[in-house]
Amino acid sequence: MLVVRPAGPADLDHLLELAILSGPGFTSLPEDPDQLAERLELGRDSFSGKLAPQDCWYTLMLEESETGDVDGVGSVKAAVGLHRPFFSFRLVNNTQSSPSLGVRLDHQTLVLVNECTGWTEVGSLFLKADRRKGGAGRLLSQSRYMLIGAQPDLFAETVLAELRGVFTPDGACPFWDHVAHKFFPMEFDDADRMTGSTDKQFILDLSPRHPIYVELLPEAARAVIGKVHPQGVPAMALLESEGFRPNGLVDIFDAGPTVCCDRDNIRTVRDARRLTVRIADEVEAELPALISTDSIRAFRAVRQRAAVEGDAVTLTREAADALKVRAGDTVRVKT
């Protein structure tokens, strides 16, 4: 059975393997054991309640319960931009006209902004290639919203996600090569690493001070602004199904889009119900349901058959064991 559970320091080898498989441009999964170890310690302290709510970064692992194999990762960062700026480019539409000539021109510019301070971020969604089917990605993705729904007051009213921008099959990034690299004279991987490991002062020091006119950029760069990496298309579809929409912001290095949604309007947060657990040897249900614990500290999630009747839900013993719940406990269920 696939189970989503909290990640901790013991998951370092698993997380490093996933980071290596994720490839270039996946800023939240650096191929750096020290950074990943620090993140897992932060996750442990977040789940245990040792940190202030806004400092928490919850990392989740997708595990096959029978084998112990870890095949995916996802995360929820309670608040971005509080300790380090959260920079983006905003696509701004500008109109200029000359009545005497009867000419009107619409221009787009890229402007450096820091607009998302304090927002919650869902991210780091990555699965091994052989797990990208059969609903594993949806389980892992939706588990992040079940986590938020368990204690909504610990998260911001607006939730965002950044999606990786376009890279060519040989690993080149058109937007970086034609635009960002002109301002950051370093390798993409170095800039990516510094984004996650420094206070980002180098971005403020080197970023363009004036708007960048999109029409003046090479076609290869213009074509990828706000577009998603091919591997990110399924993740984008999952986000859209939850109510996320583009907000006009793109990443300053690869021009991947940012999407956002009001926390309480995220479909899984809104529709999941708190129900009392009953346990049976067998459960009759047409379709499996998304089920999670009602606690961040002991968070776990599965997709299994469940019979909902009134304010109660009947689970199989296997599902209850995977969630580590007993009869009479409260779980959250989305059918």
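Two exercises with worked solutions on this predicted model follow.

Residues are numbered from 1 along each chain as its sequence is written. Because the model is predicted, local features need pLDDT of at least 70 and side-chain atom pairs count only at pLDDT 80 or more, while totals for chains, interfaces and linings use all residues, and side-chain values use heavy atoms, without hydrogens and water.

**Exercise 1.** Determine which strands pair with E13, and which residues stand opposite each other.

*Solution.* Begin with the terms: strands are DSSP runs of at least two residues, numbered from the N terminus, and two strands pair if DSSP finds at least two bridges between them. Next, take strand E12 (residues 288-293), which runs antiparallel to strand E13 (residues 301-309) and is joined to it by five bridges; here Ile291 stands opposite Val302. Then turn to strand E14 (residues 312-316), which is also antiparallel to E13, through four bridges, with Glu309 opposite Ala312. Finally, inspect the turn of the E13–E14 hairpin, where two residues lie between the strands and Gly310 has a positive phi of about 65 degrees.

**Exercise 2.** Describe the largest nonpolar core and the contacts of Tyr58.

*Solution.* A nonpolar core is a set of buried (under 20% relative accessible area, 1.4 Å probe, protein chains only) Ala, Val, Leu, Ile, Met, Phe, Trp, Tyr and Cys residues joined through side-chain atoms within 4.5 Å. The largest such core has 38 residues, and Tyr58 is among those with the most contacts inside it. Leaving aside residues up to four places away in sequence, Tyr58 touches residues including Phe47, Val76, Leu147 and Ile296, where contact means heavy atoms within 4.5 Å.

Conventions. Buried means under 20% relative accessible area, exposed over 50%, partly exposed in between (1.4 Å probe, protein chains only).
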